[in-house]
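Welcome, and thanks for taking a look at this one. Please keep the model open while you read, and follow along residue by residue.

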Amino acid sequence: MVKITDVARHAGVSPSTVSYALSGKRPISEETRLRVQEAIRVLGYRPHAGARSLASSRTNVLALVAPLRTGIHVPVVMQIAVSVVTSARGHDHDVLLLTQEEGGDGLRRVVDTALVDALIVMDVQLHDPRLPLLRALDRPSVLIGFPADPDGLTCIDLDFRAAGEVCVEHLVRLGHRVVALVGSPPEVYVRETGFAQRVAQGFTAAAARNGLSSSVHPCEATPAAARLVAEQLLRERPALTGVVVHNEPILEPLIDAFESLGLRVPDDLSVTAICPDDLAARTRLPVTSVDVPSAEVGAGAVDLLMRKLGGAGVPEATLLAPRLTERASTGRRSLA
């Protein structure tokens, strides 16, 4: 391991001079500073985190604010978190994960203790109470998700409204005329979580545009709730032939429930989903789906934040276009 004494010897200066060059505590000549920097580069020396912090007034730590609220599918949250951590390490940054539902007070506490340089905020609500603080902070932030009013913020996410529309358009091309959205748990809609609201908006708009009969059904993330929703749909909408699922834990239980009630997928009922590709592909019957690109979203958020920390301009809105992969769960509507 290269030590500060090795850098000093290579640069022809004292170890204390190298320390001053790193910390900025005392002025040194430009010529000496450049010699120290060249020695660091040639030897591959990695300064102690404390020295880097003193030199730059930075901690090289990002906060990832990911409150684990009820109704949230934790595996997807963790996939994004892993992507954020991996991408941050590529920029020589660590990540402080905050999972408590603390609102603005929790964010203010973290910022006031100078623990982090910047923040990535998840589970964004349409009227999120954290927004005024995020707009006022002297530290940059990126939101994974979109509030109703994103002005003055930097946001990135899958275009969930377009994802809902893409699923409906796929069913329209297959001739389906009566469709339903089985959505997130009720509490997610009550909180006005952005992604769930936008899927419902896109689904409803595309159905209306194409003259389809449609309905939206929040569903708890349990097999029992999936069975109840399937029974309700068949009772209230006997002509139903197409379903969009935006609730990862019940995807397979819902298909099982429909089949136990006498519908064959895809012969009698076509099912599409908005979920990670690996989940859609490994179900008993592979499901046509729009991917939730967790890795791309997490890496994109870190990239935006690094550019902001570096003083570069970034777009306020980054919407990732939905990609639908057709699998065995959808087919043409039977006319029988």
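Buried means under 20% relative accessible area, exposed means over 50%, and partly exposed covers what is in between, with a 1.4 Å probe and protein chains only. With that scale, D92 is partly exposed, at a relative accessible area of 23%. This is a predicted model, where local features need pLDDT of at least 70 and side-chain atom pairs count only at pLDDT 80 or more, while totals for chains, interfaces and linings use all residues. Residues are numbered from 1 along each chain as its sequence is written, and side-chain values use heavy atoms, leaving out hydrogens and water.

**Backbone points worth a look**

Helices (H or I, at least four residues) and strands (E, at least two) are DSSP runs, numbered from the N terminus. D92 sits in the loop between α5 (74–90) and β2 (94–98), and its phi is near 60°, a positive value in a residue other than glycine. N60 also is not a glycine, yet has a positive phi of about 60°. You will find N60 in the loop between α4 (49–56) and β1 (61–65); N60 is buried, with a relative accessible area of 13%.

A cis peptide bond joins V265 and P266, with omega about 10°. P266 belongs to the loop between α12 (251–260) and β9 (270–274).

Helix α8 (residues 160–173) has 14 residues and reaches 20 Å from its first C-alpha to its last. That is close to the expected 20 Å, where the expected span is 1.5 Å times one less than the number of residues. Which residues of α8 are buried? They are F160, A162, A163, G164, E165, C167, V168, H170 and L171. As background, an α-helix has 3.6 residues a turn, so residues three or four places apart point the same way. Just after α8, G175 takes a positive phi of about 90°.

The structure holds one aromatic pair. Rings of Phe, Tyr and Trp (its six-membered ring) pair if their centres lie within 6.5 Å; planes under 30 degrees apart count as stacked, over 60 as edge-to-face and the rest as tilted. The rings of F160 and F195 have centres 5.6 Å apart and planes at 45°, so this pair is tilted. Because F160 lies in helix α8 and F195 in helix α10 (residues 194–209), the pair ties together parts that are 35 residues apart in sequence. F160 is buried, at 8% relative accessible area, whereas F195 is partly exposed, at 24%.

**Cysteines**

A disulfide is a pair of cysteine sulfur atoms within 2.5 Å, and the structure holds zero of them. C275 is in no disulfide; the nearest cysteine sulfur, that of C167, is 9.2 Å away. C275 is buried, with a relative accessible area of 2%, and C155 counts as buried at 0%.

**Helix packing**

Axes are lines fitted to C-alpha atoms, for helices over the stretch in contact, and angles run from 0 to 180 degrees between N-to-C directions.

| Helix pair | Angle | Axis distance |
|---|---|---|
| α11 (residues 223–236) and α12 | about 45° | 8 Å |
| α1 (residues 4–11) and α3 (residues 30–43) | about 120° | 9 Å |

Angles under 35 degrees count as roughly parallel, over 145 as roughly antiparallel, 65 to 115 as roughly perpendicular and the rest as oblique. α11 and α12 are therefore oblique to each other, and α1 and α3 are oblique to each other too. A crossing is left-handed if the near helix is turned anticlockwise from the far one by less than a right angle, and right-handed if clockwise. α11 passes α12 in a right-handed crossing, and α1 passes α3 in a right-handed crossing as well.
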